[in-house]
Amino acid sequence: GVYPNPSSVGFFFNFELTGNKLPDEFLIEIISPTGQLVTRFGIEDIYQFYIGNNEIFWNGNDTTGKTLTNGVYLYRLHIKANDKESVNTGRLVWIR
């Protein structure tokens, strides 16, 4: 899941990795209300994964470091590990 939502300071993305292997693919994408890519986090951006519960924080900045304007944003969390693929999507409400 994602919390807190709504937020003015950032969001935590929680996900669980099962099995005995770390992800082959990992991607979080944040999409603006107009459909543009705001930022993305790939497997190369994550310091460390764990088998079990994981948490990643996003501070609400776009790829240039600019803080988002108020609005409803979409997220897409894609994980592929142990020959299983998972895609979760949802809304993030950003208020400043």
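This report walks through strands, ring pairs and salt bridges in one predicted model.

Residues are numbered from 1 along each chain as its sequence is written, and side-chain values use heavy atoms, with hydrogens and water left out. Because the model is predicted, local features need pLDDT of at least 70 and side-chain atom pairs count only at pLDDT 80 or more, while totals for chains, interfaces and linings use all residues.

## Strands and sheet

Strands are DSSP runs of E with at least two residues, numbered from the N terminus. Two strands pair if DSSP finds at least two bridges between them. Here, 3 strands build an open sheet in the order E1-E2-E5, with antiparallel pairing. Strand E1 (2-3) and strand E5 (52-58) are at the edges with a single partner strand each, so one side of each has no neighbour in the sheet. E1 meets strand E2 (residues 11-17) over 2 antiparallel bridges. Valine 2 has phenylalanine 13 in E2 as its bridge partner.

E3 and strand E4 (residues 37-42) are also antiparallel, over 5 bridges. They form a hairpin with 5 residues between them. Glycine 35 sits in the turn, with a positive phi of about 90 degrees. Leucine 27 is opposite glycine 42 in E4.

## Aromatic rings

Rings of Phe, Tyr and Trp (its six-membered ring) pair if their centres lie within 6.5 Å; planes under 30 degrees apart count as stacked, over 60 as edge-to-face and the rest as tilted. The count comes to 8 aromatic pairs. One of them is edge-to-face: phenylalanine 13 with tyrosine 75, at 5.5 Å centre to centre and 80 degrees between the planes. Phenylalanine 13 belongs to strand E2 and tyrosine 75 to strand E6 (residues 71-81), so this pair ties together parts 62 residues apart in sequence. Both phenylalanine 13 and tyrosine 75 are buried, where buried means under 20% relative accessible area, exposed over 50% and partly exposed in between (1.4 Å probe, protein chains only).

Phenylalanine 15 and phenylalanine 26 make a tilted pair, 5.2 Å centre to centre with 40 degrees between the planes. Phenylalanine 15 is in strand E2 and phenylalanine 26 in strand E3 (residues 25-31), 11 residues apart. Phenylalanine 15 and phenylalanine 26 are both buried. Elsewhere, ring pairs join Tyr3, Phe12 and Phe57 into a cluster.

## Salt bridges

Side chains of opposite charge can pair when their charged atoms come close. A salt bridge puts a side-chain nitrogen of Lys or Arg within 4 Å of a carboxyl oxygen of Asp or Glu. The whole structure holds 2 salt bridges.

| Glutamate 29 | Arginine 76 | 3.5 Å |

Glutamate 29 is buried, at 18% relative accessible area. Arginine 76 is partly exposed, at 31%. Glutamate 44 is exposed, at 57%. Arginine 40 is partly exposed, at 38%.

Contact means heavy atoms within 4.5 Å. Not counting residues up to four places away in sequence, glutamate 29 touches Leu37, Thr39, Arg40, Leu74, Tyr75 and Arg76.

## Asparagine 88

Asparagine 88 lies in strand E7 (residues 84-94). Its relative accessibility is 39%, so asparagine 88 counts as partly exposed. Beyond four places in sequence, asparagine 88 touches Tyr75, Arg76 and Leu77. Asparagine 88 and glycine 1 are 87 residues apart in sequence, but 8.9 Å apart in space, C-alpha to C-alpha.

Notes
Helices (H or I, at least four residues) and strands (E, at least two) are DSSP runs, numbered from the N terminus.
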